[in-house]
Amino acid sequence: MKNFKELNLGVSGDSITQGNQWSYHVYRALNMKSHHNAAVGSSVWYKRSVECGGRMITTQEYGSPDFAGISSGWEPTEDADELQKRMNNCAVVHIKKFLAEVENGEYPAPDVFVFAYGTNDAAEFIGSAEAALEGKSADSADLFTVTGAMRWCIQTIKENFPECRVFVMTPLQTGSPAHNAKNRVIIENMKIICRELSVKTIDCYGGCGICEKLEVEGGDGRYLLDGLHPKGNGQLLQGKFVANEICNNYF
């Protein structure tokens, strides 16, 4: 195994990544120097807008004077302040926050960075991978689409940390056939973006050992607690798989 003792791990994603789940097992398995986890539950790749009380609430710029914060809330609400925080809960904002924390010295620059979004993203916002990849600058991408936000986030990390090895994890299989069908479409677009930006896709959907046939839609299965979120054994299984993929593809 390669020596990862002096390498810093950065990750960002949704509820399957937040806290000490698969990424903590990666950090421990590879004996890495540090673990900076920027994941927030309920998050998506892209910026969003929602109507509330006759006005549109749209994702804010991180660091702006009126930035409201980030919320992982998901239950129905008409609270405008809460909805603003939910609209801010996306990869674009997470990455800007991650960059600010590194710049401020709160965390070291990452040597390995792993993105883990997609399971919460809506099919109608996927967008065109080909359109998202147009031009040299990521600023031309439509950040209100999955593909555009993905392109911007990956390129931004690569531009800010030139020596960092970037990986993008696909969503897991869930207990729901319909959810998995949506995820497969996202994954196909994800692979195009990753290929063109020359970053490694980690195929958790088809390789980590968690599969729909052994899970219960909305209930407790072999590895998923509720048909979506891994329980302890699922987190460990996913972590071992991702650690192996990083180890075999780090150079």
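The questions and answers below concern charged and aromatic side chains.

Analyst: This is a predicted model, in which local features need pLDDT of at least 70 and side-chain atom pairs count only at pLDDT 80 or more, while totals for chains, interfaces and linings use all residues. Residues are numbered from 1 along each chain as its sequence is written, and side-chain values use heavy atoms, with hydrogens and water left out.

User: Which side chain of opposite charge is nearest to Arg165, and how far away is it?

Analyst: Arg165 belongs to strand 6 (residues 165-169), strands being DSSP runs of E with at least two residues and helices runs of H or I with at least four, numbered from the N terminus. Arg165 is buried but has no salt bridge. Buried means under 20% relative accessible area, exposed over 50%, and partly exposed in between (1.4 Å probe, protein chains only); a salt bridge requires a side-chain nitrogen of Lys or Arg within 4 Å of a carboxyl oxygen of Asp or Glu. With Lys and Arg counted as positive, Asp and Glu as negative, and His and the chain ends not counted, the nearest side chain of opposite charge is Glu245, at 9.7 Å.

User: Over the ring of which residue does the charged end of Arg165 sit?

Analyst: The side chain of Arg165 also reaches the backbone oxygen of Asn249 at 2.9 Å. A charge sits over a ring if NZ of Lys or CZ of Arg is within 6 Å of the ring centre and within 35 degrees of the ring normal. At 5.4 Å from the ring centre, the charged end of Arg165 sits over Phe167.

User: What is the N to O distance in the salt bridge of Glu61 and Lys96?

Analyst: Glu61 lies in the loop between strand 4 (55-58) and helix 2 (80-87), and Lys96 in helix 3 (residues 91-103), 35 residues apart. Glu61 is partly exposed at 37% relative accessibility, and Lys96 is partly exposed at 22%. Their side chains meet in a salt bridge with an N to O distance of 2.4 Å.

How values were computed:
Polar contact = N/O pair within 3.5 Å; in protein donor to acceptor, adjacent residues only side chain to side chain.
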